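Me: I have a structure to get through today. Can you walk me along as I ask things?

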Amino acid sequence: MAVDADYGPASPVEPDEADRPAADKNRLFLRLFLQNQRRLYAYVLTLLPNRADADDVLQDTSLTMWDKFDANAPPTEFLAWARRVAYHKVLDFNKKSNRAQARLSQIFLKRIAETAAGQADALQLDDRRVALATCIERLPDSARDLLTRRFADGATTQSTSEQLGRSVDAVYKALAKVREALTQCVQKTLTQEGRA
């Protein structure tokens, strides 16, 4: 194989069959980690306001996550799992640092961690709202018209059925189909963006 002294192999090398599981783990972990890295770092910063300490803990957290990551059974809630690992790394960091005045009590630290996690959950709701708005825009005109009529101020399923000249049962069924389409679209959008 030709090797350029400055840049390594001259051409990409395909991993052989034995290396494929490791390559798959690399790709999956990196994709999930990079999609959640900003939020994880923000979480660590709420627990350790010193950026240098937070950087060290984030690095230690990412190494531990990498060691424990199982590509065959990845965590269903990657960010929640990452926050748990980070929380324990912050506790370890505080135990190792001999700066008693800078150390927070575990109870206080736990409350801050819970608050930060709650705020992260609120961000996920914002992500869902953005995805929902995008999915509504993708609906056919007839489905958007149905939603607009049904969810107008004071509208009911009965009044919507009268406006459309359809039975109440037909409107319920049409709304159920739109709701299902939106649910699938939102889930797919969030999964593609790594936020599900």
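Reply: Here is a quick tour, question by question.

Reply: This is a predicted model, where local features need pLDDT of at least 70, side-chain atom pairs count only at pLDDT 80 or more, and totals for chains, interfaces and linings use all residues. Residues are numbered from 1 along each chain as its sequence is written, and side-chain values use heavy atoms, with hydrogens and water left out.

Me: Okay, disulfides first. How many does a search of the whole structure find?

Reply: One. A disulfide here is a pair of cysteine sulfur atoms within 2.5 Å.

Me: Which residues form the disulfide?

Reply: C135 and C185, with their sulfur atoms 2.1 Å apart. C135 sits in helix 4 (residues 106-138) and C185 in helix 7. The two are 50 residues apart, so the pair links distant parts of the chain. Helices are DSSP runs of H or I, at least four residues, numbered from the N terminus.

Me: Is the link of C135 and C185 left-handed or right-handed?

Reply: Left-handed, with -85° about the S-S bond.

Me: And is C135 buried or exposed?

Reply: Buried, at a relative accessible area of 2%. C185 counts as buried too, because its relative accessibility is 17%. The cut-offs: buried is under 20% relative accessible area, exposed is over 50%, and partly exposed is in between (1.4 Å probe, protein chains only).

Me: Switching to helix 5. Which of its residues are buried?

Reply: Helix 5 covers residues 141-150, and A143, L146, L147 and R150 are buried there. Seen down the helix axis, they fall within an arc of 95°, so they line one face of helix 5. That arc is taken from the directions from the helix axis to the C-beta atoms.

Me: What is exposed on the other side of helix 5?

Reply: D141 and T148.

Me: What do the buried residues of helix 5 pack against?

Reply: Helix 6 (157-164) and helix 7 (168-192). Contact means heavy atoms within 4.5 Å.

Me: Where is T157?

Reply: In helix 6. T157 is buried, with a relative accessible area of 8%. Its side chain makes a polar contact with the side chain of R150, at 3.1 Å. A polar contact is a pair of N or O atoms within 3.5 Å; within protein, one must be able to donate a hydrogen and the other to accept it, and residues adjacent in sequence count only if both atoms are side-chain atoms.

Me: What else is T157 in contact with?

Reply: Leaving aside neighbours within four places in sequence, T157 is in contact with V168, V171 and Y172, as well as R150.

Me: New topic, salt bridges. How many does the structure hold?

Reply: Five. A salt bridge is a side-chain nitrogen of Lys or Arg within 4 Å of a carboxyl oxygen of Asp or Glu. One of them joins K89 and D60, with the closest N and O atoms 3.7 Å apart. K89 is in helix 3 and D60 in helix 2, 29 residues apart. K89 is buried at 17% relative accessible area, whereas D60 is partly exposed at 33%.

Me: Which residues are linked in a network of salt bridges?

Reply: E137, D141 and R144. From E137 to R144, the closest N and O atoms are 3.8 Å apart. From D141 to R144, they are 2.2 Å apart. D141 and R144 are three residues apart in helix 5, so about one helical turn separates them.

Me: How accessible is E137?

Reply: E137 is exposed, at 56%. D141 counts as exposed, also at 56%. R144 is partly exposed, at 23%.

Me: Last one, the core. How many residues are in the largest nonpolar core?

Reply: It has 24 residues, and L40, M65 and F78 have the most contacts inside it. A nonpolar core is a set of buried Ala, Val, Leu, Ile, Met, Phe, Trp, Tyr and Cys residues joined through side-chain atoms within 4.5 Å. Helix 1 (20-47), helix 2 (51-68) and helix 3 (78-96) each supply at least two residues of this core. Helix 3 gives the most, with 10 residues.

Me: And what does F78 touch?

Reply: F29, L32, F33, N36, M65 and F69, not counting residues up to four places away in sequence. There is also a second, separate core of 14 residues, including A131, A143, V178 and V186.
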